[in-house]
Amino acid sequence: MSYVDEVIEQVVEKNPAQPEFHQAVKEVLESLRVVVEANEEKFRKDALLERLVNPERQFTFRVPWVDDKGQVQVNTGYRVQFNSAIGPYKGGLRLHPSVNIGIIKFLGFEQIFKNSLTGLPIGGGKGGSDFDPKGKSDREVMAFCQSFMTELCKYIGADTDVPAGDIGTGAREIGYMFGQYKRIRGVYEGVLTGKGLSYGGSLARTEATGYGLLYLTKEMLKTNGVDIAGKTVAVSGAGNVAIYAIQKATEMGAKVVTCSDSTGWVYDPEGIDVAALKEIKEVKRARLTEYKNYRPNSEYHEGKGVWSVKVDIALPCATQNELDLEDAKQLVANGVIAVCEGANMPTTLEATKYLQDNKVYFVPGKAANAGGVATSALEMSQNSERLSWTFEEVDAKLQNIMVNIFHNLDDAAKKYGFEGNYVVGANIAGFEKVVDAMQAQGIC
């Protein structure tokens, strides 16, 4: 049995009931097979892959808090510190009922390669809780965040582990967590990113993941002789990533006709109204059912269906495994030319293969959505230097990082004979830097 197959088998055996983690490991290691086989004897002797797929540390803890009725609630908190070979652990905190250790491990594993691709000195980690901030009062969210940070603060620090936002964790939640960290540890440091502008946050951080997705998508299309202007785009999701992806795509001359949330999706043939979407989601924190009040000619549909519309480009920006094989078949039948992931692993392995087999340009999330963590690392730099850059400065750095990510993964794919396979290219480009650092630092 090959070394890659052995390690995949070990991961499945040692991490039962963690399908998302199995999926992430399999996707990465399968695409690294050509590199591993060229170095198999040395990698096996150093147990390099085993060290790569096993977190350096992982923490699980209870989070008790009191709701507005005086009832004590208990959630579970997680932090997985996966790999620190190239820098302190960096990765978001996801607050969502679906969160479990397997999902946090899959996200943390992906984060290793995503962070490596940015070219910045940050390692891979992830955390979160099965707490759902939806429908909670500000006081309840504060109570949870303070309890969560009371435990998490033991394991993080500006030079150790720097968490950020993710699904369910926005500026409000980061603010409450930062305040509690400062209160307990007695230090004012850049321990969290995604902070408010008044206390160390970075301009352009809110927009970064969505903007970065479009900067990379545009560069990828341009490299293949395609202009994004005039193209029709489907976007899933209606959160931070989706909103700013829609905004930037529109600025680039494309027309985005869909968005979605957990209850349904919107089709607007005239193009999604970003101002209306922001008011519904960021101000009112309401459902997309309200969108028709702003745009009477739009359509609202319950359930799934965002990928059924005929478009040129699809940008999944919601959550893992949202785009399955049937969706991929529908997109291909409708003539899609490119799929770039704004969320973490939103496309199933079967769907990814089908898209690639049908010559659709496909860029995985670890590359396409790296703009968020890249700007978080820029926020860390600003915090360390006690200064603040302008929006234009941060945006220019972000654009440069995303363009470089695409060309690095494109070059890696060509180097190993996989031209046009951006999944293989992204994994190899991210892997090579991490492996060089791991080998230089000895067995640790």
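Isoleucine 246 is found in helix H10 (residues 240–251), where helices (H or I, at least four residues) and strands (E, at least two) are DSSP runs numbered from the N terminus. The model is predicted, so that local features need pLDDT of at least 70 and side-chain atom pairs count only at pLDDT 80 or more, while totals for chains, interfaces and linings use all residues. Residues are numbered from 1 along each chain as its sequence is written, and side-chain values use heavy atoms, with hydrogens and water left out.

**Surroundings of isoleucine 246**

- With a relative accessible area of 0%, isoleucine 246 is buried (buried means under 20% relative accessible area, exposed over 50% and partly exposed in between, with a 1.4 Å probe and protein chains only).
- Once its neighbours within four places in sequence are left aside, isoleucine 246 is in contact with Val235, Val256, Thr258, Cys259, Ile272, Val274 and Leu277, contact meaning heavy atoms within 4.5 Å.
- Isoleucine 246 and alanine 426 are separated by 180 residues in sequence and by 24 Å in space, taken from C-alpha to C-alpha.

**Helix packing**

- Helix H1 (residues 3–14) and helix H2 (residues 19–31) pack with their axes 10 Å apart and at an angle of about 175°; axes are lines fitted to C-alpha atoms, for helices over the stretch in contact, and angles run from 0 to 180 degrees between N-to-C directions.
- H1 and H2 are therefore roughly antiparallel to each other (angles under 35 degrees count as roughly parallel, over 145 as roughly antiparallel, 65 to 115 as roughly perpendicular and the rest as oblique).
- On the H1 side the contact is made by Val4, Asp5, Val7, Ile8, Val11 and Val12, and on the H2 side by Phe21, His22, Val25, Lys26, Leu29 and Glu30.
- Sorted by class, the contact of H1 with H2 has eight nonpolar, one polar and three charged residues, where Ala, Val, Leu, Ile, Met, Phe, Trp, Tyr, Cys and Pro count as nonpolar, Asp, Glu, Lys and Arg as charged, and the others, Gly among them, as polar.
- The axes of H2 and H6 come within 7 Å and cross at roughly 25°, which makes H2 roughly parallel to H6.
- In this contact Glu20, Phe21, Ala24, Val25, Glu27 and Val28 of H2 meet Gly102, Ile103, Lys105, Phe106, Phe109, Glu110 and Phe113 of H6, and by class there are eight nonpolar, one polar and four charged residues.
- Helix H6 (residues 101–117) and H18 have axes that come within 8 Å and cross at roughly 85°, which makes H6 roughly perpendicular to H18.
- Here Ile112, Phe113, Ser116 and Leu117 in H6 meet Ala426, Asn427, Ala429, Gly430, Phe431, Lys433 and Val434 in H18, giving seven nonpolar, three polar and one charged residues by class.

**Aromatic pairs and charges over rings**

- The count comes to 15 aromatic pairs, with rings of Phe, Tyr and Trp (its six-membered ring) taken as paired if their centres lie within 6.5 Å, and with planes under 30 degrees apart counted as stacked, over 60 as edge-to-face and the rest as tilted.
- The rings of phenylalanine 178 and tyrosine 199 have centres 5.4 Å apart and planes at 35°, so the pair is tilted.
- This pair links distant parts of the chain, since phenylalanine 178 is in helix H8 (residues 171–185) and tyrosine 199 is in the loop between H8 and helix H9 (205–223), 21 residues apart.
- Phenylalanine 178 counts as buried, at 3% relative accessibility.
- The rings of phenylalanine 406 and tyrosine 422 have centres 5.3 Å apart and planes at 70°, so the pair is edge-to-face.
- Phenylalanine 406 in helix H17 (residues 391–415) and tyrosine 422 in helix H18 (residues 422–440) are 16 residues apart, and their pair links distant parts of the chain; both residues are buried.
- One aromatic cluster is formed by Phe61, Trp65, Phe131, Phe144 and Phe148.
- The charged end of lysine 136 sits over the ring of phenylalanine 131, 5.2 Å from its centre, on the criterion that NZ of Lys or CZ of Arg is within 6 Å of the ring centre and within 35 degrees of the ring normal.
- Lysine 248 lies over the face of tyrosine 211, at 4.3 Å from the ring centre.

**Positive phi and an exposed lysine**

- Alanine 204, although not a glycine, has a positive phi of about 75°; its place is in the loop between H8 and H9, and at 5% relative accessibility alanine 204 counts as buried.
- Lysine 359, in the loop between helix H14 (349–357) and strand E12 (361–363), has a positive phi near 60° and counts as exposed at 71% relative accessibility.
- Lysine 415 lies in helix H17 and is exposed, with a relative accessible area of 58%.
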